[in-house]
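Try each task yourself, then check the steps.

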Amino acid sequence: MSQSSLPKNVPDFLRQENLDKTLEVLRQPFSLAILASIGIHAILGIVLPMLPSKDQKPAEHSVQVVELVSTDQARIPEFDKPLGNSPSISNPTKLPNQVSKTL
């Protein structure tokens, strides 16, 4: 009798028997876990892009440019010359001979 009350052009997947089988499968623990996982991932996919990230550029600060006069420029040390009290690299310190250990 229920079959006769439905219109003739209803697709098979909307029939009551198929809907009952589908709901029975969806009530299984494994199916519930899959549905929960899909729901949580969908929520994260929507919410996470809206959150601020650490990769955002910090606010830029403006710095004033100072032009030095010739007397101030003369006070700047020249870094291409080594300082007088620094050890020279051409004479490396010798390490003591290491005794080879035999096992």
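**Exercise 1.** Work out whether Ser-31 counts as buried or exposed.

*Solution.* Start with the scale: buried means under 20% relative accessible area, exposed over 50%, and partly exposed in between, using a 1.4 Å probe and protein chains only. Ser-31 has 15% relative accessibility, so it counts as buried. Finally, look at its contacts (heavy atoms within 4.5 Å). Leaving out residues up to four places away in sequence, Ser-31 touches Val-25 and Leu-26.

A word on the model: it is predicted, so local features need pLDDT of at least 70, side-chain atom pairs count only at pLDDT 80 or more, and totals for chains, interfaces and linings use all residues. Residues are numbered from 1 along each chain as its sequence is written, and side-chain values use heavy atoms, with hydrogens and water left out.

**Exercise 2.** Find which residue forms a salt bridge with Asp-72.

*Solution.* Side chains of opposite charge can pair when their charged atoms come close. The rule asks for a side-chain nitrogen of Lys or Arg within 4 Å of a carboxyl oxygen of Asp or Glu. Asp-72 pairs with Arg-75, with the closest N and O atoms 4.0 Å apart. The count by this rule is one salt bridge.

**Exercise 3.** Decide whether Ile-46 is buried or exposed.

*Solution.* Ile-46 sits in helix 3, which covers residues 29–47. Its relative accessible area is 55%, so Ile-46 is exposed.

Key: Helices (H or I, at least four residues) and strands (E, at least two) are DSSP runs, numbered from the N terminus.
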